Amino acid sequence: MAELFELHDIEVWDGNMAASHALRQAQVDVVAAYPITPSTPIVENYANFMANGYVDGEFVMAESEHGAMSCCIGASAAGGRVATATSSQGFALMLETLYSASGMRLPIVLNVVNRAIGAPLNVNGDHSDMYMGRDSGWIQIDCYNPQDAYDMNLVAFRVSEDHDIRLPAMVHQDGFMTSHTAQRVKTLADDVAYKFIGEFKPMNDMLDLDHPVTHGAQTEEDWHFEHKARQHHALMSAVLPKIQEAFDALKALTGRQYNIVESYNMDDADIAIVCMGTSVETAEEVSNELRAQGIKAGVVGIRIFRPFPLEQIADVLKGCKAIAALDRSSPNGTVGALFNELAGALFNTGTHAVLTNYIYGLGGRDLTKSSLHSIYRDLQANAEAGCPTTSLQQFTGLRGPKLSFF
Amino acid sequence: MFQAKTKNLKNFSTSAERFEGANLLCPGCAHSIIVREVLNATNDNLILAASTGCLEVCTAVYPHTSWDASWIHIGFENGSSAVAGAEAMYKALKNKGRLKQPDRTPKFVAFGGDGATYDIGFQWISGCFERGHDMMYVCLDNEVYANTGGQRSSSTPIGASATTTPAGRISYGEKQNKKDIMAIMAAHGAPYVAQVAPNKWKDMVAKIQKGFATEGPVFINAMSACTTEWKFAPEDTIAISDLATDSLVFPLYEIIDGTKLNITYRPKNVIPVRDYLGAQGRFKHLFTKQNEYLIDEWQARVDAKWEQLQRREEACL
Ligand SMILES: Cc1ncc(C[n+]2csc(CCOP(=O)(O)OP(=O)(O)O)c2C)c(N)n1
Ligand code: SF4
Ligand SMILES: [Mg+2]
């Protein structure tokens, strides 16, 4: 039995520590991991728990992120709770196996501490890695602060391992801004957290020696399409209701309310910023300042990036006249991914809202309040004109001459 | 009971199956002989992995499987890590008292081709061996990327014609010497490293059983004659394998704890390397005026390696 770790009701944790404690409380059976900034402390914290007897699973210090996820896949198929963490280049190295994990329907929890992807090499937070994973068949849950990083890990295990789902889940937090910034985190007692997640219930486990299973078979044009369609079906139909159920249960337990789509000052909003990660809270503050001036500004935070909640997003945005999609990843040749998602969500809904796209914060560049004010000013002009008054895509916070497209 | 009495080939060849004959491997493929011999060397439950390659694509095409033991495939490079992860889970569940059959101890085995082993998957194997997982890694060494149509690997021997190192008007084919994977794996300090060939089945079974009895990572390099890429008739697999072991092109030996080397097969009549090469289409172009010198060089290399192995054995290091 693992030693009891004495927790206060409120701890001062950064996002990495919050995620590490969630892993400890989940009593993960196998963690296979490889360090990379800024997710390294999750791996180190876990190793420390191990060294001091606070966890009693296995810890595999792999030779690479690809090896780490490969071990996670083997461990998960063997039949137990599995988790790991990575960022950026490590995430990119893992990518091949991410598709394997989801295609094999293995409920692995991966903490992605978001970071830019080189070249140029950069250790700071942006959403390039999160975006790289968006077609990989994983559930993607986004955190805005350390409290979220704690709570969303608990939710991720519970949802991912549900037998109706059996899909791996990424829990995203912003590199440094969340991962290395200590804040107050309200904790659950170990037994309460574990009960919230639930016991791991194996299915098709290789270690059930009386029922051998074949994992990772070949399918060609005869079956591949059906297999992928089922995977998509599971993502589309089962995940959001289960997440909602988990959010409701968490609220009953803690009073903390999470939503599939987070909306702030949105009830009567004319203009809205839609964004992810730590930017959500900054945008909320700016919207409050604008509200004080009588401007009906709101914020929509993406909480669940995959499966993308198209209908719920269209619903919160339905009354808006102008909307800005903020993307923190280089779009490299097109509009930002979030812009695309929103366009898809709003198209055919009868809305006449003007939708524009802002690229910001690459490689850890701060998103300032003045940038957000300026975006809201653009939105106001768009709302009044009923058409775009700026280019469709603008770079904000960039040095040098203004950059815009379309 | 899977483990056959290894005294008698007939008995052995009719023992129970956990690897079904219903598979898509070429007739005469040595992969299937080796896999069967490995699986039949133990009565214990098995947790298996295969890397992408002929064995994998020919034995688990949905909705069929040839495996009557738990089996996993992830990708080309990571069969070792798949089994290592499963082994870690076994340990975790054992410690936590959650095994469904706590009285049984399964064996963990990963299969990979030479491409998966010598080349693309080497880092993963090295990691698994350094960490000391209790597992066996079996390389099905057919000296070529057979599954994808015969491209060279770092196991392809000098002078073989492969599709990416074809013999041509001005080329004799593969230019590099075969990588010495045995020495490299022994250098990891692995407790048991052995080279086997399916024609020497008693030697092979003894080594596999020794491997299963060993705690920690075990590496087996199994010569796997490939009828399609080596270009010989499917019924000649064992004859070609005999030429390989009796010409000492493929010596059979083991290395214990990274140091102690034992030669396990000494042919009564050593045959010339030329006979081995001449039996396969992939070396056909060596038998020309222009390339014949390569056959002498081959013989010299095989002689030198045999000499070195004998010195190593005597040295009792
Ligand atoms: C990452 C990756 N690169 C390349 C391939 C293509 N590929 C699949 S199997 C294979 C060769 C397999 O050769 P080997 O390991 O020697 O096995 P064999 O088929 O000869 O038994 C290659 C190149 C792949 N599946 N994955
Ligand atoms: S190509 Fe070679 S290795 Fe592949 S199945 Fe055929 S004989 Fe076996
Ligand atoms: Mg091969």
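These notebook entries record what I looked up in a predicted model.

**Confidence.** I began with the scores of the predictor. For the complex, I noted an ipTM of 0.97 and a pTM of 0.98. Chain B has a mean pLDDT of 96, and 97% of its residues reach 70 or more.

**Sheet.** I then turned to an open sheet in chain A. Its seven strands follow the order 3-2-4-5-7-6-13, and their pairing is mixed. Strand 3 (58–61) and strand 13 (304–306) of chain A each have a single partner strand, so one side of each is left without a neighbour in the sheet. On average, and with direction ignored, neighbouring strands of this sheet are turned by 20 degrees against each other.

Strand 13 of chain A pairs with strand 6 (residues 139–142) of chain A in the antiparallel sense, over two bridges. Within this pair, I found I141(A) opposite I304(A).

**Helix on the sheet.** Helix 4 (residues 88–103) of chain A packs on the sheet and touches strand 4 (82–86), strand 5 (108–114) and strand 7 (169–174) of chain A. The direction of helix 4 makes about 155 degrees with that of strand 5 of chain A.

**Largest pocket.** Finally, I examined the largest pocket, which holds about 1,200 Å³ of space. Its lining has 41 residues; G103(A), M104(A), G216(A), A217(A) and H227(A) lie nearest the centre. Helix 4 is among the elements of chain A that give two or more residues to this lining. Helix 8 of chain A gives the largest share, six residues. By class, I recorded 16 nonpolar, 17 polar and eight charged residues in the lining.

Definitions and conventions: Residues numbered from 1 in each chain as written. Chains lettered and ligands numbered in written order. Predicted model: local features only at pLDDT ≥ 70, side-chain atom pairs only at ≥ 80, totals over all residues. Heavy atoms only, no water. pLDDT = per-residue confidence, 0-100. Pairing = 2+ DSSP bridges. Helix = DSSP H or I, 4+ residues; strand = E, 2+ residues; numbered from the N terminus. Axes fitted to C-alpha atoms, helices over the stretch in contact; angles between N-to-C directions. Contact = heavy atoms within 4.5 Å. 1 Å grid on protein atoms, 1.4 Å probe; cavity = no way out; pocket = protein on both sides within 12 Å on 5 of 7 lines; lining within 4 Å. Points joined across faces, edges and corners; volume = space filled by probe spheres on them. Nonpolar A, V, L, I, M, F, W, Y, C, P; charged D, E, K, R; others polar.
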